[in-house]
Amino acid sequence: MAADTLINDFELPFQLYDLLGAETLTTHPKFAEHSRETFDAVLETANKMATDLFLPHNHIADKNEPQFDGKKVSMINDVKVAFDAYRESGFIAGRYNFEDGGMQLPETVMTAVAGYFMAANPSTTAYPFLTTAAINVISHFASDEIKAAFMPRMLTGEFTGTMALTEPHAGSSLADIKTTAVKQADGSYRVKGSKIYISGGDHELSDNIVHLVLAKIPGGPGGVKGISLFAVPKYRLNDDLSIGERNDVHLTGLIHKLGYRGATSTALSFGDEGACHGYLIGDEHFGLRYMFKMMNEARIAVGFGAAMIGYRGYQYSLDYAKDRTQGRIAPNNKPEDDATAIINHGDVRRMLLAQKAYSEGGISLCLYGSNLIDRINTCEDATLKNELSELLDLLTPVLKAWPSEYGPKANDLGIQVLGGAGYTREYHAEQFWRDNRLNPIHEGTNGVQALDLSFRKLWQKGGLGIQILKREITQDLESISTQETAKLAGKLTPYMGELHEVLMHLSKVLQTEKAVTLTGNAQALMNIFASIVVAWIWIRQASKAEQLLGNTDDTEQRDFYQGKIQAAKYFIDWELPLIKRDIAILTNNNAVCTDMQAAWF
């Protein structure tokens, strides 16, 4: 695989068509004008654009961060060129209907499209991706007037968007935000407050930036129930919707991150002069509910992005391992024998196999999640639609947390494969890790995801989500007709039983004073649950690969399928058994973490 090849040519067709049957979506009226050929054409365009325009400046932008001179932000021109090409391609509106100027493409396909750009250059990709996320909120919850003002130009990329949640004193604890919005006679609001870590919060890439800002209206309910959501543009709009004067939104400084250095991370001040115009989205005090729409979709994107950066690092270290010679292996281990490529050393193969299991497992997991969205949106059966929605809700913490936990681990192993070279800035392995290290933090830290899973998602609606998940897994395991994968399924089945026992135990514990132990042990439950889900995802891949192996004589394709089977074996033999520790911790109500006192540290 060439160093500038972003994704193995077999990977996405295998995921989309062999595993998920994405072409069957074209039987639904919404996607009837599409075919596998149009899907492939879109993917080919994304691949070429990402390779030609995004990939070349990824390392350059990392070394030449955006600058702020006190008046405006400047950055290397390559970012603007790539962004303009992306918006002109229509990808920002890819999910939207034809009448809105969109491509009316399935979520499954658009997620795959995103894979090329995330692998090539996650920093520059952040600008259009954030815009798409903001559009989704406006399209679902804003008034027709606000939609008309902002959506058309956001869909074309003339305007970009952000999500402004975090404040200097309030990160995940949004109930503590202090930004306020006071209603005016004309129905608009005046926003005042500060936000930090706002990705894409200021730049010169677009004509305007629409910030989605969480704020509290004075006199409203306390806590999260008093949070409202506002569209706050960098530039106000005139009555004819043309761009008017500068709004009272100011960049107070750029934040310098470990990774994602090509994307601006900003501290913003709203209303310093008392003239920051904001426009209410939806109803007062429902802002957090609306923003969670954006955040839940963003969480899948974060997980998929983490998997793709992990995958990019895996491919980079794989190329290096094939080329770098070091040492000798018996029987050719005499001093006069030629040195061997390091990929022939067992421990290097172990590290590459782990990277493959983590990154390709994450890719397949997130594409499954995206396909769930399409299944929900095209489902005519109300009962099934509700069941699939609950399944997606249950899996969302896993879709975000597992790939963003193991994507960086893949990148860490990528550095190790390169050895001393991996620790230098002359090679790119260290940047992949730095870029990916953000993903366990943003859109809700992985600790928050574990708490969400442990205290809410597993139990809501009488545990309907877990019932549907068990049904989906059981259907897949019972349909296996291939020998090697059947053995893997046999190894997974006992862990399914242990998960059931753990959940039965916890359902009782949560009714007692020992429930507090789960606040310290939530990560253990996430480890168990996510590992079983990913093991199932790998069995799905291995089963299909084993079936297809007998249908081709192409050597490269056969190698691809064998690689899938071997990675599944690795995950189930090496990774899945590690959850035995977590099962013991939960079963015994281990209180080591919660019993620790602050003074003892």
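User: What should I keep in mind about the model and its numbering?

Analyst: This is a predicted model, in which local features need pLDDT of at least 70 and side-chain atom pairs count only at pLDDT 80 or more, whereas totals for chains, interfaces and linings use all residues. Residues are numbered from 1 along each chain as its sequence is written, and side-chain values use heavy atoms, with hydrogens and water left out.

User: How is a cavity defined, and how many cavities of 30 Å³ or more does the search find?

Analyst: On a 1 Å grid over the protein atoms alone, a cavity is a set of points where a 1.4 Å probe fits but cannot get out, and lining residues have an atom within 4 Å of a point. Grid points are joined across faces, edges and corners, and a volume is the space filled by probe spheres set on the points. Over the whole structure, two cavities of 30 Å³ or more are found. The largest has a volume of about 50 Å³, and its lining is made up of Glu65, Pro66, Leu254, Ile255, His256, Lys257, Tyr260, Arg261, Ala263, Thr264 and Ser265.

User: How are the lining residues sorted by class, and which elements line the second largest cavity?

Analyst: Ala, Val, Leu, Ile, Met, Phe, Trp, Tyr, Cys and Pro count as nonpolar, Asp, Glu, Lys and Arg as charged, and the others, Gly among them, as polar. By that scheme the largest cavity is lined by five nonpolar, three polar and three charged residues. The second largest cavity holds about 30 Å³ of space, and its lining residues include Gly201, Asp202, His211, Lys234 and Arg246. The elements that give two or more residues to this lining are β6 (208-216) and β10 (249-254), where helices (H or I, at least four residues) and strands (E, at least two) are DSSP runs, numbered from the N terminus. The largest share, three residues, comes from β10, and by class the lining of the second largest cavity has four nonpolar, three polar and three charged residues.

User: What makes a nonpolar core, and which residues have the most contacts inside the largest one?

Analyst: A nonpolar core is a set of buried Ala, Val, Leu, Ile, Met, Phe, Trp, Tyr and Cys residues joined through side-chain atoms within 4.5 Å; buried means under 20% relative accessible area, exposed over 50%, and partly exposed in between, with a 1.4 Å probe and protein chains only. The largest core has 162 residues, and Leu469 and Phe529 have the most contacts inside it. Helix α15 (residues 517-549) provides the largest share of this core, 20 residues. Leaving aside neighbours within four places in sequence, leucine 469 is in contact (heavy atoms within 4.5 Å) with Leu391, Leu394, Leu395, Phe529, Val533 and Trp536. A second, separate core of 18 residues includes Ile217, Phe230, Phe270 and Leu280.

User: Is helix α11 mostly covered or exposed?

Analyst: Helix α11 (residues 429-436) is mostly covered, with seven of its eight residues buried, and Phe432, Arg434 and Asp435 are among them.

User: Where are glycine 200 and proline 397 found?

Analyst: Glycine 200 is in the loop between β5 (189-199) and β6, and it counts as buried because its relative accessible area is 4%. Not counting residues up to four places away in sequence, glycine 200 touches Tyr127, Leu130, Thr162, Ile209 and Thr264. Proline 397 lies in helix α10 (residues 382-418) and is buried, with a relative accessible area of 0%. The C-alpha atoms of proline 397 and alanine 450, 53 residues apart along the chain, are separated by 7.1 Å.

User: How many disulfides are counted?

Analyst: A disulfide is a covalent bond between the sulfur atoms of two cysteines. With the rule that a pair of cysteine sulfur atoms must be within 2.5 Å, the count comes to zero disulfides. Cysteine 276 counts as buried at 0% relative accessibility, and cysteine 379 is buried with a relative accessible area of 13%.

How values were computed. 1 Å grid on protein atoms, 1.4 Å probe; cavity = no way out; pocket = protein on both sides within 12 Å on 5 of 7 lines; lining within 4 Å.
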